[in-house]
Amino acid sequence: MNTVLSLKGISKRYGRIQALNNVSFDVPPGCVFGILGPNGSGKTTLLGIILDILKPTAGSFELMGQPPSADVRKGIGTLLETPNFFHYLSGERNLRINASIKGKGYGDIDAVLEKVNLHQRKKSKFSTYSLGMKQRLAIAAALLGNPDVLIFDEPTNGLDPVGIAEIRELIKKLASEGKTIIMASHLLDEVEKVCTHVAILKKGELLAAGHVDEVLVNEDIVEVSASDLNRLEQLLKNMNGFSGIQRHDNNVQLFYPMGTAKLDEVNQYCFNNGVVLNHLQLKKKSLESKFFELTGKVSDR
Ligand code: ATP
C-alpha cells in the first residue's frame with residue numbers, strides 16, 4: 001500500500017456553491033495529515049466524501065489502494081463531531097453502546113480508555129467529564145477495533161488550552177504507534193505542531209499539498225541594503241541563484257528555496273561589483289506569513 005488515501009479530481013457542488021473544485025492529493029501511510037483551511041474552505045465536505053456521507057459531483061478516490069467500500073472503511077476510526085454520548089451513563093458504558101452500534105466487540109474497551117487516559121474515570125458519568133475528557137472519550141470510541149487510520153474533524157475545537165494540549169499529545173502518541181491520522185483544522189499553529197503533512201484548501205481549491213516543511217516553510221529570505229538602493233537592486237538582478245527579488249523602502253529582499261541561500265556569496269558579489277552592503281540578514285519566511293499569502297487570511301494564533 002503506497003497511499004492510505006488518494007484523491008483524484010474531487011469536486012462537490014451544493015447548488016450554486018462550489019464547495020470543492022478538482023482536489024487531488026495523496027496521503028502516505030504513517031503520517032499525520034492536516035487538511036488546513038479557513039472556515040468554509042471545504043474541509044468537512046471532503047471528509048464527508050471520504051467517509052461516504054456525501055457523494056462527490058466529480059472525481060474519484062482510493063482508500064488503502066482500493067476503491068472505497070464499506071469493508072475498506074471498517075479500517076478507519078472517525079471523530080467528526082462530538083458524538084451523542086448518554087450524559088447519565090459512565091464513559092465505559094457509553095463505549096460499550098458505541099461498540100455495539102459499530103458491531104465491534106467489548107474486548108478493547110479497557111485498552112482504549114487507558115490509551116486516552118480515562119481509565120481512572122471510566123465509571124464516572126459522562127456529564128461529570130470536562131470538555132477535554134469528553135473529546136478524549138470520543139477519540140477512544142474512534143479507536144475501538146484498533147483501526148489503522150483515524151479521521152478527525154477539528155479535534156481540538158472548543159477546548160481550553162489544557163484540553164487542546166492533551167488532544168495534541170494523544171494524536172502524536174497515536175502517530176508514534178503507527179496510525180495514520182487525517183485531521184481537518186483551521187489552525188495553522190495546530191498543523192505546524194502536530195502534522196507531518198498538509199493540504200491547504202481555500203474556497204474549495206487546493207492551494208498546496210505535501211510535507212509540512214516543504215509546503216509551509218519553503219523559503220529563505222536574504223535582506224540586503226546599501227546607500228544606493230537603486231544600484232544595489234540593478235546589480236542583484238544580474239546575480240544568479242535566487243528565485244525572486246522584491247524592492248522595499250529600505251532594503252531589497254532575495255528569495256531562495258529553503259536552505260540554499262548563501263550570505264557570503266551575496267556579500268562577495270556585491271563587493272566585487274563595487275557596492276558595499278550596510279545590511280545583510282537571513283530571514284526564514286514565517287509559517288504565518290506563508291499561510292497568509294496562501295489563503296489571504298491571518299491565522300488564529
Ligand atoms: P467549517 O470549518 O466552517 O466547517 P469547512 O472548511 O469544513 O468549514 P465546509 O463545511 O465543507 O467547509 O463548507 C464548504 C462550503 O460548502 C461552504 O461555503 C459551505 O457554506 C457550503 N456547504 C457545506 N454544506 C452545505 C450544504 N449541506 N448545503 C449547502 N452548502 C453547504
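User: Which residues of helix H3 are called buried, and what makes them so?

Analyst: In this predicted model, the buried residues of H3 are Gly 91, Glu 92, Asn 94, Leu 95, Asn 98 and Ala 99. The word is used for a residue with under 20% relative accessible area, so each of these six names falls below that cut-off.

User: How do you know on which side of H3 they lie?

Analyst: They cover an arc of only 155° around the axis, and therefore they are on the same side of H3. In general, an α-helix has 3.6 residues a turn, so residues three or four places apart point the same way.

User: What makes the length of H3 close to the expected one?

Analyst: Helix H3, residues 91–102, has 12 residues and reaches 16 Å from its first C-alpha to its last. The expected value at 1.5 Å a residue is 16 Å, and the span is close to it.

User: Why is Arg 168 called buried?

Analyst: Arg 168, which is found in helix H6 (residues 161–176), has a relative accessibility of 11%. Buried means under 20%, so Arg 168 counts as buried.

User: What makes the pairing of Arg 168 with Glu 190 a polar contact?

Analyst: The side chains of Arg 168 and Glu 190 make this contact at 3.1 Å. The cut-off for such a pair of N or O atoms is within 3.5 Å, so the distance meets it.

User: Which helix gives the most to the shell around the ligand, and what classes of residue does the shell hold?

Analyst: Helix H1 gives the most, with three residues, while strand E2 (17–27) and helix H1 (43–50) each supply at least two. By class, the shell has four nonpolar, six polar and two charged residues. Among the surrounding residues are Tyr 14, Ile 17, Gly 40 and Glu 154.

Technical notes. Residues numbered from 1 in each chain as written. Predicted model: local features only at pLDDT ≥ 70, side-chain atom pairs only at ≥ 80, totals over all residues. Heavy atoms only, no water. Near = heavy atom within 4 Å. Helix = DSSP H or I, 4+ residues; strand = E, 2+ residues; numbered from the N terminus. Nonpolar A, V, L, I, M, F, W, Y, C, P; charged D, E, K, R; others polar. Expected span 1.5 Å × (residues − 1). Buried < 20%, exposed > 50% of the residue type's maximum accessible area, 1.4 Å probe, protein only. Arc of directions from axis to C-beta. Polar contact = N/O pair within 3.5 Å; in protein donor to acceptor, adjacent residues only side chain to side chain.
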